[in-house]
Amino acid sequence: MSGPGAGFEYPPTPVSWTKRDILLFANTVGCTSDELNFLYELDPNFSVFPTYPVVLPFKKDAQDVIDFYAAQKAIRIPGVPEFDARRVVDGQRLVQFLKPLPTESAGKKFEIRSKVLGVYDKGRPGTVVEIQQDLVDAGTGELYSRAIGSSFYVAQGNWGGPKGPATENFPPPQGKTPDVEFEDQTNKQTPLLYRLNGDYNPLHAHPEPGKKMGFGGVIIHGLYSFNSACHGLLQKLGGSDPANIKEFQARFASPVKPGDKIVTSVWRTGEKKGEWEEIRFVVKVAGGKVCLSNGRALMKVVGEAKSKLSNSVPMDTSPKVGDRLSYDGAVCTVRYVGEVAGTSGRWLGVEWDDPGRGKHDGSYKGVSYFKCQSRASTAASFVRPTRPAGKAQSFVAALTEKYAAELSNASAIQFSGKIAEEVGFEKIRRKQAQLSELKVVILDDSRVASVYADGDKPISEICPKVVELDLSRNLFQRIGTVIAICSELPGLRNLRLNGNRFQDILSDEGLRGAEQFLENTKDLWLEATLMSWEETCHIATKFEALALLSASTNQLSFLPPVPLGSLTSTLVSLNLEFNDFTAVADVARLAELKSLRNLYLKGNRISMITQDPSHGSPVFPISLKYLDVSYNQVSSWAFVDALPTCFPGLTSLRFSHNPIYDNPDPEYSIHSKTVAEEAYMFTVGRLATIQSLNFGTISRSDRQDAEMFYLARIAKHLAAVPESQESEIIKHHKRYAELCGLYGPPVVNRQKEINPAFLEARLVAVHFVFHPADGGDTIERITRIPRSFDIYTVKGIAGKLFGVRPLGLRLIWETGEWDPVAGFDDEVEDSSDEDMEEQVEEAVHLGESSQPEGRAGKWVKREVELQDGPRQLGFCVDGLEANIRVETR
């Protein structure tokens, strides 16, 4: 014991209590009517609840309200700064019960003897003061209890003191379901009643201190949660007998607010020190953070509680909130247990993993009974508790059932009563039955809930060579259970956990130190788990070599800033398909992933780059080469124009099945058969750097054809507006000047507005170009022909101009437009994961392979032969100008 303040002893503090104080304390920490030994002074076994001594340093010997702040300021610890007691919260506490306390102090002289064990500077967060407090009979020197606790003085650090030693941790067993769970529903009166025990800190009664300390208002005493948890343990495991608990400790992790429901999960370790068994526990706010961690007790377990050693399958009990159940193969999570208005008996309110299986969203006849994670309106149902559910099993049992038992359970295959000869199947079954040689294990939909059942052999002995593991859609409640399985598979490279519903991920002690077991795993699937992005990254960062992460179908609409750890340098592929993003800026945080190469955003609701243009467009690392934004809601080519800015390294794009791709140019895309080809041309023409579109390689000729077509279409738009408005059209085509430099400015045939009553409006200026059959020089003539003249007459005029027989001529109108003659959009639809990865890799390494034969897109100028007949010229050509090539038959 060294350092400033360490070893300082406070003057002894006289303390006293009455039976009324003992009764009040028992009532405020949750003792119930079946525990009269704590609640009725005439009970033959009337006793003091074991943790009562923790309030005596606050109460002292006062029988009235005390000034909390004044009492805390009474004595200053020498050698350290004076701390503000108005900003102090509990840190950690260990209580040792050495001798039963009398139900009243009358007739004895009790005192608290306090000694400073250390004062530790934690920097900006604050300072920890650790004190040992002994409750002693001053007359005899007998020691009744010892409490070693720490107080945390908020934002009162950085004074140059020692950091302090590392604390010993007592996490719950990895992968094991709690042996006991119990709840405590608090309310606004909870802290107001508990403070009557003598802890009159205003933080627990008036909102102002809590607001100043950043808690937002009143919080419940940390020692209330501490005492409440101790009561639950003693009631559930110790038969409510104070003689059955020797030590109790916990760390105060986060505040509890009035109205919160606190849930305590308890694990028996089976480890004993003499007659005392070590118990671990965690207390959390329902649906929220852990409020008491590092929970540990030494107890004598009595009654019907039976030890279930590490990672064993829990005993069948009545379903409770949070349980995972399987009914005829359909998996669900229990969200409610109780009565439903208008019906008799109790019901289980369940949320199905398949959101289309239920009938409502947790509300029935206008009454909301529970909330679902899924946003679907049909994710929930009510079922009777008596409905038989599939039996949960351990990982080892599921593995053995599927692979080892398959051989003995195999039956002959029959067709029309005749037994078919199986070629090779027996060999496959025998190979699978050799569990020690298994490399790929698929246990999806197998009702796995735990690691081991009683009598199971270690996984490291059964299947040590597993490289790929699929545990999708099982009955796990904690991610720690999966970590416990993976910890025995050192060669694991690929882990699929799709469709599971893990609970309390951010506070799961099973993730502590998981990095050491997951250092070789490179691929992780967390699809349809409904995890938040924070939860997803909290798990993914435990995989320090992770290269591929799939988090599709998780209802994600925005990626908040969260620690990405090693992912910033290792993650290569990220799948966020079928979520709820509406803009590329919703995933802007991914710019921190400096090694990201492939990003899949298929099936979201993306329609823009950013919802707030004033914030600018996000810029992703140049390492990102492949982007999939197909099946979204992009309806403007401005989105495509912005892609090179957002993704400067982009070389491969999948963009099909967006509104703008399905209707690329509403004014001119009138031929439905060419819409896909035109969309392809526009996309390639607008993006100068992409080398692959919709899984198809873009050759040099493809790009040239696409850019020329795109430039011609721009000309068509320019021709539709006055010359003074050309700039308005050009600003929507960022590559116009660049393409003009490559191919020359396009010809803009802008038609003049002519009064239809004038003769000029009824004449077509025809530019004839004659190619003689003998190969002579080309002859050109321009003449005006009435629109009403038929094709016979036009041929006659041409024959006269060039001195040839009219019926021996062919008239070919050169429209100036382009037609496709080979497909550009032969997209590979919905490939498998393996195929898609191969295609993406091929797409981003275009320089290493040539374009497949037959996939090149080809475009030719559209030409229309004017057939002989009475059809008028004005119906055969567009506008008041026409280029007609004249050839001899």
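Start by selecting Arg703, Gln704, Glu707, Met708, Tyr710, Leu711, Ile714 and Leu718 in helix 17, which meet Tyr736, Leu739, Cys740, Leu742 and Tyr743 in helix 19. Contact here means heavy atoms within 4.5 Å, while helices (H or I, at least four residues) and strands (E, at least two) are DSSP runs numbered from the N terminus. This is a predicted model, where local features need pLDDT of at least 70, side-chain atom pairs count only at pLDDT 80 or more, and totals for chains, interfaces and linings use all residues. Residues are numbered from 1 along each chain as its sequence is written, and side-chain values use heavy atoms, with hydrogens and water left out.

By class, this contact of helix 17 with helix 19 has ten nonpolar, one polar and two charged residues. Nonpolar covers Ala, Val, Leu, Ile, Met, Phe, Trp, Tyr, Cys and Pro; charged covers Asp, Glu, Lys and Arg; the others, Gly among them, are polar. Now show both helices whole: helix 17 (residues 700-719) and helix 19 (residues 736-743) pack at about 115°, with axes 10 Å apart. Axes are lines fitted to C-alpha atoms, for helices over the stretch in contact, and angles run from 0 to 180 degrees between N-to-C directions.

Next, select residues 637-646, helix 14, and residues 675-686, helix 16: their axes come within 9 Å and cross at roughly 35°. Trp637, Val640 and Asp641 of helix 14 make the contact with Ala679, Phe682, Thr683 and Arg686 of helix 16. Those residues divide into four nonpolar, one polar and two charged.

Which residues lie nearest the centre of the largest cavity? Select Pro172, Trp267, Arg478, Asp508 and Glu509, which are among its 19 lining residues. A cavity is a set of points on a 1 Å grid over the protein atoms alone where a 1.4 Å probe fits but cannot get out, and lining residues have an atom within 4 Å of a point. Strand 8 (261-273), strand 9 (276-285) and helix 11 (479-486) each supply at least two residues of this lining, which has six nonpolar, seven polar and six charged residues.

Move on to tyrosine 194 and tyrosine 224: their ring centres are 5.9 Å apart and their planes stand at 80°, so the pair is edge-to-face. Rings of Phe, Tyr and Trp (its six-membered ring) pair if their centres lie within 6.5 Å, with planes under 30 degrees apart stacked, over 60 edge-to-face and the rest tilted. Tyrosine 194 sits in helix 5 (residues 189-194) and tyrosine 224 in helix 7 (residues 222-237), 30 residues apart.

Finish at glutamine 133 in strand 4 (residues 126-137). Its C-alpha atom is 6.6 Å from that of lysine 115.

Terms used
On a 1 Å grid over the protein atoms alone, a cavity is a set of points where a 1.4 Å probe fits but cannot get out, and a pocket is an open set with protein on both sides within 12 Å along at least five of seven lines; lining residues have an atom within 4 Å of a point.
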